[in-house]
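Me: Could you walk me through this structure and tell me what each label rests on? I would like to see the cut-offs beside the values.

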Amino acid sequence: MVHLTAPESAAEITAGKQPVLTSFASDVYALAASLWTAATGDWPLDYEAVGIDRKSAGPIALLEAIGERTVPLVGTEVWPGFQQVLKDVLLADARNRPSAAELADRLTALGELGR
């Protein structure tokens, strides 16, 4: 799924690097994007903000925009605290992204705050 591709992976794909290997950081990006989609019902990236119709644009156009980090996150927040944790992951460079366990801890802490 193009929409779950980490920016660093998208940049490698559009540069023609083969094979593109996943990393723990790119997997955590995909996890955060998947969680965002499950919580909101929409992909986290606002393609329309940069003039891209995600339904008619081909995958390469989407990957180029993702790889160049020109697509902002959507502004709609249905679960602000949850989405803020995910935003931190989605906006971080690969080297600064938390591990899956750290992401889980941050999300768990949200639930503990509400108790």
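Reply: Happy to. Let's start with accessibility: buried means under 20% relative accessible area, exposed over 50%, and partly exposed in between, with a 1.4 Å probe and protein chains only. This is a predicted model, where local features need pLDDT of at least 70 and side-chain atom pairs count only at pLDDT 80 or more, while totals for chains, interfaces and linings use all residues. Residues are numbered from 1 along each chain as its sequence is written, and side-chain values use heavy atoms, with hydrogens and water left out.

Me: What makes Lys 87 and Glu 77 a salt bridge?

Reply: The term asks for a side-chain nitrogen of Lys or Arg within 4 Å of a carboxyl oxygen of Asp or Glu. For Lys 87 and Glu 77 the closest N and O atoms are 2.4 Å apart. The pair links distant parts of the chain, with Lys 87 in helix α4 (residues 80-91) and Glu 77 in the loop between α3 and α4, ten residues apart. Helices here are DSSP runs of H or I with at least four residues, strands are runs of E with at least two, and both are numbered from the N terminus. Lys 87 counts as buried because its relative accessibility is 15%.

Me: How many salt bridges are there by this rule?

Reply: The count comes to five. Among them is Arg 54 with Asp 42, at 3.0 Å from N to O. Glu 12 and Lys 17 also form one, at 3.9 Å.

Me: Why is Ser 26 called buried?

Reply: Its relative accessible area is 7%, so Ser 26 belongs in the buried class. Ser 26 sits in helix α2 (residues 24-40). Contact means heavy atoms within 4.5 Å, and beyond its neighbours within four places in sequence, Ser 26 is in contact with Ala 6, Glu 8, Ser 9 and Arg 97.

Me: How do you know that the buried residues of α1 line one face of the helix?

Reply: In helix α1 (residues 7-14), Pro 7, Ser 9 and Ala 10 are buried. Seen down the axis, the buried residues fall within an arc of 160°, so they line one face; the arc is that of the directions from the helix axis to the C-beta atoms. Their cover includes α2 and α3.

Me: What makes a set of residues a nonpolar core?

Reply: Its members are buried Ala, Val, Leu, Ile, Met, Phe, Trp, Tyr and Cys residues joined through side-chain atoms within 4.5 Å. The largest such core has 26 residues, and those with the most contacts inside it include Tyr 29, Leu 86 and Leu 90. Helices α2, α3, α4 and α5 (100-113) each supply at least two residues of this core.

Me: Why are Trp 79 and Phe 82 called stacked?

Reply: Rings of Phe, Tyr and Trp (its six-membered ring) pair if their centres lie within 6.5 Å; planes under 30 degrees apart count as stacked, over 60 as edge-to-face and the rest as tilted. The whole structure holds one aromatic pair. Trp 79 and Phe 82 form it, at 4.3 Å centre to centre with 15° between the planes, so the pair is stacked. Trp 79 is partly exposed at 48%, whereas Phe 82 is buried at 10%.
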